[in-house]
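Please open the structure in your viewer and keep the selection tool at hand. The tour below goes from stop to stop, saying what to select and what is found there.

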Amino acid sequence: MEVRISARNAEISEGLRRSVVAKVNRAARVFSDLDAVDVELTGETNPRLAGERYRIELTGQALGRIIRVEGAAPTPETALDTATDRFVRRLRRLKQRLIDRSRQAGPVSPEEPGPDPDEIVRVKRFIIKPMSIAEAQLQMEMLGHDFFFFLNGSNNRHSVLYRRRDGRLGLIESHS
């Protein structure tokens, strides 16, 4: 399996590089169909995020599904441990779901089933009016949400305005 490592606003020492490769390979043993894993180390420069100074994001693809996790901590090693633990849990969950789906031909126990985490429990409907990005930002802040779905009046595309972890704004636009 290939492990691709990159850094942004941080330095990767050779020891950390070896540790990343070892821990990601160990985590990947859970799921043998994992091709490659991208590891991105990001150093946060915002002093208010001192407890999350380093952020490690692991992204891999297995059986056509993208698995992405991240861990944040004051040190890169701790962030790596957090991210690899989450990666292992996510891979185990994917593997278990695939196993369960293949076994679903048998009868299901009528005893009280637990809540389905993939079940949609709430649906919201609203009228989408064309508006500017500035109006969408104001609406998002008035609602107290981290994102806002709207029809961009300047290009007539459905868009999502969202607040990134670094406090800045991001925009996702539909493409036809």
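In which loop is N156 found? Select N156 and you will be in the loop between β6 (147–152) and β7 (157–163), where helices (H or I, at least four residues) and strands (E, at least two) are DSSP runs, numbered from the N terminus. Residues are numbered from 1 along each chain as its sequence is written, and this is a predicted model, in which local features need pLDDT of at least 70 and side-chain atom pairs count only at pLDDT 80 or more, while totals for chains, interfaces and linings use all residues. Side-chain values use heavy atoms, with hydrogens and water left out.

N156 has a positive phi of about 60° although it is not a glycine, and N156 is exposed, with a relative accessible area of 56%; here buried means under 20% relative accessible area, exposed over 50%, and partly exposed in between (1.4 Å probe, protein chains only). Most residues other than glycine have a negative phi.

Next, select the open sheet of four strands, which has the order β1-β2-β3-β4 with mixed pairing; two strands pair if DSSP finds at least two bridges between them. The edge strands are β1 and β4, each of which pairs on one side only. Between β1 and β2 the pairing is parallel and runs over seven bridges, and if you pick A7, its bridge partner in β2 is L41.

R55 is buried, with a relative accessible area of 10%, and a polar contact of 2.9 Å joins the side chains of R55 and E70. Such a contact is a pair of N or O atoms within 3.5 Å; within protein, one must be able to donate a hydrogen and the other to accept it, and residues adjacent in sequence count only if both atoms are side-chain atoms.

The last stop is the largest nonpolar core, where, of the 27 residues, V39, I56, L58 and F87 touch the most other members; a nonpolar core is a set of buried Ala, Val, Leu, Ile, Met, Phe, Trp, Tyr and Cys residues joined through side-chain atoms within 4.5 Å. The largest share of this core, seven residues, comes from α2.
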